[in-house]
Amino acid sequence: AVQEFIESLNNRENDIDFKSTVNKLRDIAKSIRRSSLKWELFQRACNECNINPRTIPLDMKVRWNSLLYMLEAAIYLRKPITRFLLHLSLEDDTGRSDGKLPLHERCAMSDPEWDLAEILYVFLLPFKRVAKRFENHTQSPEIDYMFFAYDRMFNHIDDVLYSLRIPTALGESKCADMFIEALGLMKAKLQSHYDKTNIPFVYGDAMILNPRCK
């Protein structure tokens, strides 16, 4: 369901481009990882902002939560990233032989783009918690949790949709229409999986027989 949401954002053109925003963060992360000089410059930027230096994890298409981790680190490092790009511009970082713009020009992040990254991160957090609950290796899986998980996810989607449709807060964001369409597709995908719980007895009996559900 989350992959459906992300793919929809990737395919949607808007004033604030989701794909462009993620690509900028990915390029910054790659640049810091691949060049010892840029890593030293980034460490300097972190120290100037009184933030412990750390690298930004890269996202992978096959694992949506890797996007969450990349957003989390980038948001935390927003000030050092801005300062890092400023240092590059002052040092006239032209180091591209393939005709691309230098990093500080092509990856400069606007305030609306940072807002988009923060909205995405906050939205994806509950799905991370549900995923971790199903991946838990410290205790036996419990089939009755399925209903609690679906309830949590559907309620979260509905709450965000409500916030996007009112003319305040999230509704004022430039990415509101883009999110509404993507959330509709996500909810439909989630519903198609939820419908499979109609299998007789299995899920309902699990709920009834679990003493904690009384």
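At roughly what angle do the axes of α7 and helix α8 cross? In this predicted model, the axes of α7 and helix α8 (residues 145-165) come within 10 Å and cross at roughly 175°, where axes are lines fitted to C-alpha atoms, for helices over the stretch in contact, and angles run from 0 to 180 degrees between N-to-C directions. That makes α7 roughly antiparallel to α8, a description that applies to angles over 145 degrees.

The model is predicted, and local features need pLDDT of at least 70, side-chain atom pairs count only at pLDDT 80 or more, and totals for chains, interfaces and linings use all residues. Residues are numbered from 1 along each chain as its sequence is written, and side-chain values use heavy atoms, with hydrogens and water left out.

**Overall fold**
- The protein chain has 10 helices and zero strands, these being DSSP runs numbered from the N terminus (helices H or I, at least four residues; strands E, at least two).
- Its C-alpha trace spans about 65 × 40 × 30 Å along the principal axes, and buried residues (under 20% relative accessible area, with a 1.4 Å probe and protein chains only) make up 39% of the 214 residues.
- Of the contacts (heavy atoms within 4.5 Å) between residues at least 6 apart in sequence, 71% join residues at least 24 apart.

**The α7 and α8 pair**
- On the α7 side the contact includes Val122, Phe123, Pro126 and Phe127, and these belong to a set that meets residues of α8, among them Tyr145, Met146, Ala149 and His156.
- The residues of this contact divide into 12 nonpolar, one polar and three charged, with Ala, Val, Leu, Ile, Met, Phe, Trp, Tyr, Cys and Pro counted as nonpolar, Asp, Glu, Lys and Arg as charged, and the others, Gly among them, as polar.

- Glu113 is found in helix α7 (residues 111-134) and, because its relative accessibility is 9%, counts as buried.
- The side chains of Glu113 and Lys24 are joined by a polar contact of 3.0 Å, meaning a pair of N or O atoms within 3.5 Å, of which, within protein, one must be able to donate a hydrogen and the other to accept it, while residues adjacent in sequence count only if both atoms are side-chain atoms.
- Lys24 is itself one of the buried residues of α2, which also include Phe18, Leu25 and Ile28.

**Asn50**
- Asn50 lies in the loop between α3 (36-48) and α4 (64-76), and its phi is near 55°, a positive value in a residue other than glycine.
- At 73% relative accessibility Asn50 counts as exposed, the cut-off for which is over 50%.

Terms used: Angles under 35 degrees count as roughly parallel, over 145 as roughly antiparallel, 65 to 115 as roughly perpendicular and the rest as oblique.
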